[in-house]
Amino acid sequence: MTRLVPTAAPRRTGGCNIANVGTGECTCLDYVQRGCGMDRCKHVQAAGLFQAVADREAKIRHVASFLRNRERLQPAERKRPAFLSPDNNEVFSAYCTENDLQPIANVPEREP
Ligand SMILES: [Zn+2]
């Protein structure tokens with residue numbers, strides 16, 4: 001079976017592709033040749049992983065900021081240094097340890 005490749009395939013310069021994580025579309029030749037019904041190309045998968053990590057870091061930053069601000073309001077004798085650290089991961093880990101919670105895995109699971 002011969003596949004037809006569109007002659008108006010997007011041309012790129014500089015080795016960059018534009019990937020839409022929401023729809024799974026990409027400007028790479030692999031996506032154009034295989035079509036949108038197939039598995040997502042490597043660019044969309046990589047962008048999805050990057051977005052998942054960025055979302056996770058944003059959530060940790062938000063939670064750590066809340067915990068740090070809450071700790072600043074405590075009296076001096078009750079302040080815990082781990083919660084006042086400028087490192088967001090350290091604050092988040094201290095919170096997880098204190099409450100017997102399991103931290104979020106560092107690497108999100110790969111899409112099937
Ligand atoms: Zn692609």
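Mentor: We shall go from the overall layout to a pair of helices, then to the cores and a few loop residues.
This is a predicted model, in which local features need pLDDT of at least 70 and side-chain atom pairs count only at pLDDT 80 or more, while totals for chains, interfaces and linings use all residues. Residues are numbered from 1 along each chain as its sequence is written.

Trainee: How many helices and strands are there, and what pattern do they follow?

Mentor: Helices (H or I, at least four residues) and strands (E, at least two) are DSSP runs, numbered from the N terminus. Here the protein has 3 helices and 2 strands, and along the sequence they follow the pattern β-β-α-α-α.

Trainee: What share of the residues counts as buried?

Mentor: A residue is buried if 20 or more other C-beta atoms, placed from the backbone, lie within 10 Å of its own, exposed if 12 or fewer, and partly exposed in between. By that rule, 11% of the 112 residues of the protein count as buried.

Trainee: Which residues of helix H3 are buried, and why are they on the same side of H3?

Mentor: In H3, which spans residues 88-98, the buried residues are Val91, Phe92 and Ala94. They cover an arc of only 160° around the axis (taken from the directions from the helix axis to the C-beta atoms), so they are on the same side of H3. These buried residues pack against helix H2, residues 42-72.

Trainee: How should I read the packing of H2 and H3?

Mentor: Axes are lines fitted to C-alpha atoms, for helices over the stretch in contact, and angles run from 0 to 180 degrees between N-to-C directions. H2 and H3 pack at an angle of about 70°, with their axes 9 Å apart. That angle makes H2 roughly perpendicular to H3, a label given to angles of 65 to 115 degrees, whereas those under 35 count as roughly parallel, those over 145 as roughly antiparallel and the rest as oblique.

Trainee: Which residues in H2 and H3 meet?

Mentor: Two residues are in contact if their C-beta atoms, placed from the backbone, lie within 7 Å. On the H2 side we find Ile60, Arg61, Val63, Ala64, Leu67 and Arg68, which meet Asn88, Asn89, Val91, Phe92 and Tyr95 in H3.

Trainee: Which residues form the largest nonpolar core?

Mentor: A nonpolar core is a set of buried Ala, Val, Leu, Ile, Met, Phe, Trp, Tyr and Cys residues joined through C-beta atoms within 7 Å. The largest one has 6 residues, namely Ala64, Leu67, Phe83, Val91, Phe92 and Ala94. H3 gives the most to this core, with 3 residues. Leaving aside its neighbours within four places in sequence, Phe92 is in contact with Ile60, Val63, Ala64 and Pro103.

Trainee: Where is Thr23, and is it buried or exposed?

Mentor: Thr23 lies in the loop between strand S1 (19-20) and strand S2 (25-26), and Thr23 counts as exposed because it has 10 C-beta neighbours inside 10 Å. Gly24 is placed in the loop between S1 and S2 as well, but with 18 other C-beta atoms within 10 Å Gly24 is partly exposed.

Trainee: What is the phi of Asp100?

Mentor: Most residues other than glycine have a negative phi. Asp100, in the segment after H3, has a positive phi of about 50° although it is not a glycine. With 6 C-beta neighbours inside 10 Å, Asp100 counts as exposed.
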